[in-house]
Amino acid sequence: MKGFIFFVFLCTSSILAAQDSLQLSLMGRPVTVYFSGAPQSPVMLYNMHDNENTSAIAGRIVSKKYGGEYFELMHEGKRLISFQYGEDSIHIDPNRIYTDCGIWTQLEKNKITDTMVFKTIQSWRNSLLSILDVSSRELVIALHNNTNQHYSYKSYMPGEEFELEAAALHKGSLNDKDDFYFVTDPHIMDQLSQGRYNIILQANNTMTDDGSLSVYCAQLGIPYVNVEAQYNRLMRQMKMLIYVFQQLMHKE
Ligand SMILES: [Zn+2]
């Protein structure tokens with residue numbers, strides 16, 4: 001245990017030395033874009049939900065050793081980004097804004113029809129995409145956490161809520177439905193299916209345009225993998241992420 005803590009301390013202290021950040025306010029709400037690692041790397045790692053800290057720690061530690069450019073959105077430690085609009089608050093999911101359709105769906109949830117609000121979020125989104133430089137990447141790695149018994153690999157199985165969003169499923173030998181890869185490319189699925197983890201292949205031709213990063217990447221043909229694990233399973237999530245580097249980027 002002591003050795004592990006020292007290892008984390010070493011990693012954390014060296015990451016702090018290499019970090020940088022910038023501010024990208026959304027309608028007056030401060031949002032920090034933290035980044036570290038190799039600028040313009042072919043691989044981008046990205047944690048956008050500010051309450052999913054296990055995935056953020058995994059991303060910071062693994063990218064330090066295996067490479068890639070790591071990004072993280074910081075906004076009050078919550079999943080949603082909230083800001084004032086007149087007397088009301090608007091709540092936006094930072095994983096539902098990468099397409100215009102997704103932004104409108106978010107505004108509908110907030111009962112907002114104001115085109116100026118749409119344009120403000122759209123412009124913020126465009127700035128974010130340009131910082132992330134998503135369209136130049138050879139591989140986009142999203143990092144997420146989920147809660148036990150809610151959204152999981154099972155959500156994509158026949159008869160479940162997101163059945164139609166999956167083109168194929170691969171059941172790994174590690175029998176835990178909360179930990180899985182969600183990918184946009186059959187080739188990535190083939191390579192990762194040699195491992196022990198569950199995999200969902202997005203149905204790129206029939207998917208719902210909910211504005212998520214996986215939809216945006218599929219529309220642009222950018223290879224995408226979400227490394228998703230239950231909260232607090234840091235070692236599991238790090239191993240899953242390392243396996244992505246080993247299989248897809250041929251790292252040892
Ligand atoms: Zn998430």
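Analyst: Happy to. Let's start with Asp100, which counts as partly exposed because its relative accessibility is 32%. Please keep in mind that this is a predicted model.

Asp100 forms a salt bridge with Arg125, and their closest N and O atoms are 2.7 Å apart. Asp100 belongs to helix α3 (residues 100-109) and Arg125 to helix α4, so this pair ties together parts that are 25 residues apart in sequence. Arg125 is buried, since its relative accessible area is 5%.

The structure holds 11 salt bridges, and a few others deserve a look. Glu69 and Arg137 meet through their side chains at 2.9 Å, N to O. Glu69 sits in strand β4 and Arg137 in the loop between α4 (115-132) and β7, so parts that are 68 residues apart in sequence are tied together. Glu69 counts as buried because its relative accessibility is 7%, and Arg137 is buried too, with a relative accessible area of 6%.

Next comes Arg29, whose salt bridge with Glu76 has its closest N and O atoms 3.3 Å apart. This pair links distant parts of the chain, 47 residues apart: Arg29 is in the loop between β1 (20-23) and β2 (32-37), and Glu76 is in the loop between β4 (69-74) and β5 (81-85). Arg29 counts as partly exposed, at 26% relative accessibility. There is also a network of salt bridges, which links Asp176, Asp179, Arg233 and Arg236.

Now for the metal. The zinc ion has protein donors from His49 (ND1), Glu52 (OE), Glu52 (OE) and His144 (ND1), at 1.9 to 2.5 Å. The four donor atoms subtend angles of 56 to 154° around the zinc ion, so the arrangement is irregular. Along the chain, the donors follow the spacing H-x2-E-x91-H. Glu52 lies in the loop between β3 (43-47) and α2 (53-66), while His144 is in strand β7, so the pair ties together parts that are 92 residues apart in sequence. Both Glu52 and His144 are buried.

Finally, the largest pocket holds about 590 Å³ of space. It is lined by 26 residues, and the closest to its centre are Asn95, Arg96, Tyr151, Tyr156 and Asp210. The elements giving two or more residues to this lining are β7 (139-146), α6 (213-220) and β11 (224-230). By class, the lining of the largest pocket has eight nonpolar, 12 polar and six charged residues.

How values were computed:
Residues numbered from 1 in each chain as written. Predicted model: local features only at pLDDT ≥ 70, side-chain atom pairs only at ≥ 80, totals over all residues. Heavy atoms only, no water. 1 Å grid on protein atoms, 1.4 Å probe; cavity = no way out; pocket = protein on both sides within 12 Å on 5 of 7 lines; lining within 4 Å. Points joined across faces, edges and corners; volume = space filled by probe spheres on them. Helix = DSSP H or I, 4+ residues; strand = E, 2+ residues; numbered from the N terminus. Nonpolar A, V, L, I, M, F, W, Y, C, P; charged D, E, K, R; others polar. Donors = N, O, S within 2.8 Å, 3.2 Å for Na, K, Ca; no water. Tetrahedral: all angles 85-135°; square planar, octahedral: opposite > 155°, others 65-115°. Buried < 20%, exposed > 50% of the residue type's maximum accessible area, 1.4 Å probe, protein only. Salt bridge = Lys/Arg side-chain N within 4 Å of Asp/Glu carboxyl O.
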